[in-house]
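Open the structure in your viewer and keep the selection tool at hand. The tour below goes from one selection to the next and says what is there.

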Amino acid sequence: MTGVARVFSGIQPSGGMHLGNLLGALRNWVAYQHEHDAVYCVVDLHALTTAPDPDELRDNTLAAAAMLLSVGIDPDRSTLFVQSSVSEHAELAWMMECTVGFGELRRMTQFKDKSDRSEFVSAGLFTYPALQASDILLYDTDLVPVGDDQRQHIELCRDIAERFNRRYGDTFTVPAHVIPTAGARVMDLQNPADKMSKSLESAGTVGVLEESESVTRKFKRAVTDSENEVRYDPGTKPGVSNLLGILASATGRTPESVADDYAQYGPLKADTADAVNELLSPIRERYAELSSDPGEIARVLATGADKARTVAAATLERARTNAGLIPRSPA
Ligand code: TYM
């Protein structure tokens with residue numbers, strides 16, 4: 001595990017994954033496992049911040065793991081595990097909470113958004129970025145592939161690592177985020193001012209496992225604008241620009257060059273739906289195969305947790321020692 005960069009990222013098991021997760025993050029996860037030492041995690045402890053139903057959380061955690069395998073995470077190349085299986089995450093999170101400032105947490109836009117929408121705001125929702133920093137720093141991570149909405153959390157993680165290193169001596173690798181140029185912020189097809197999020201029954205969200213007819217229908221009904229000019233301009237043409245961004249990301253082009261190919265919205269919508277369906281149909285097929293073998297998913301996760309624990313335990317021990325905590329048992 002030396003010489004190559006370490007990559008770490010995580011995803012919440014809150015319902016099915018959507019096109020934003022895929023284009024903003026998961027495609028980079030898959031790409032990185034070929035040349036880097038990749039560690040990927042289903043972050044079930046993060047999901048607890050909003051008190052999900054226990055049975056749903058269990059099902060969603062296993063479904064998220066199956067989905068990651070279906071999009072192409074290869075357990076022979078990557079370490080794939082569930083966060084709560086490696087208790088070092090929760091333990092280092094406390095040290096992170098003691099390193100991050102109250103004011104820094106209060107400035108997090110995700111906290112502001114989520115707390116505005118919730119009746120009960122848990123302390124865990126507030127300290128969420130400290131747990132996220134723990135996830136990343138435990139693995140001496142160099143690169144964190146994420147969508148644009150995680151930029152602020154990764155920047156805070158860097159600040160936490162630097163502060164800890166200044167206080168206690170060199171302990172953590174300071175990570176960098178990797179955010180794709182196209183697809184970093186996939187917007188809701190019905191409300192292109194909001195990012196696409198996990199309410200899969202919504203007409204604005206495209207699920208990774210959604211049937212192709214439904215995907216096509218959602219793109220056909222996507223909100224555009226009353227002009228009739230295909231131009232990439234997210235500020236004044238958010239709906240059309242979102243379609244261009246999705247098609248560009250799905251086909252490995254830039255949104256501006258894709259725009260040159262279209263004079264009307266109808267063909268742009270149809271081609272975007274086709275490109276997305278081409279991306280999703282093999283994932284759907286693999287998911288159907290994997291779902292029939294839950295034992296295999298459990299085995300992959302157990303092996304991944306063992307591998308992750310070895311790395312995490314060594315980093316936690318270093319952090320404990322440097323911060324002045326005495327050894328757990330006499331040497
Ligand atoms: P989560 O579960 O909300 O999303 C998983 C990944 O998908 C990206 N993403 C998007 N990208 C583009 N357009 C969208 N509409 C869109 N929606 C989501 C996210 O940026 C993310 O990369 N806090 C994290 C999970 C986490 C984590 C970590 C990530 C916990 N610990 C450590 C990285 C490193 C989250 O809630 O992601």
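A polar contact is a pair of N or O atoms within 3.5 Å; within protein, one atom must be able to donate a hydrogen and the other to accept it, and residues adjacent in sequence count only if both atoms are side-chain atoms. The model is predicted, so to speak of local features a pLDDT of at least 70 is needed, side-chain atom pairs count only at pLDDT 80 or more, and totals for chains, interfaces and linings use all residues. Residues are numbered from 1 along each chain as its sequence is written, and side-chain values use heavy atoms, with hydrogens and water left out.

**Stop 1: H46**

Select H46, which lies in helix α2. Helices (H or I, at least four residues) and strands (E, at least two) are DSSP runs, numbered from the N terminus. The side chain of H46 reaches the backbone nitrogen of Q132 at 3.3 Å. Is H46 buried or exposed? H46 counts as buried because its relative accessibility is 1%; buried means under 20% relative accessible area, exposed over 50%, and partly exposed in between, with a 1.4 Å probe and protein chains only. Now show what H46 touches: Q12, Q83, Y128, L131, Q132 and D135, not counting residues up to four places away in sequence. Contact here means heavy atoms within 4.5 Å.

**Stop 2: the ligand**

A polar backbone atom of Q12 is 2.8 Å from an oxygen atom of the ligand. At G20, a backbone N or O atom lies 3.0 Å from a ligand nitrogen atom. At N21, an N or O atom of the side chain is 3.0 Å from an oxygen atom of the ligand. The protein covers 96% of the 710 Å² of accessible area that the ligand has on its own; such areas come from the Shrake-Rupley method with a 1.4 Å probe, and for residues only the protein chains shown count as cover.

**Stop 3**

Go to L209, in the loop between β5 (176-178) and α9 (212-220). L209 and Q12 are 197 residues apart in sequence and 17 Å apart in space, C-alpha to C-alpha. Leaving aside neighbours within four places in sequence, L209 is in contact with M67, R284 and Y287.

Next select A51, in the loop between α2 (44-47) and α3 (54-71). A51 is not a glycine, yet has a positive phi of about 45°. A51 counts as exposed because its relative accessibility is 66%.

Then take D140, in the loop between α7 and β4 (143-145). Its phi is near 50°, a positive value in a residue other than glycine. D140 counts as partly exposed, at 24% relative accessibility.

**Stop 3: the whole chain**

Zoom out. The chain has 13 helices and 5 strands. Buried residues make up 50% of the 331 residues.
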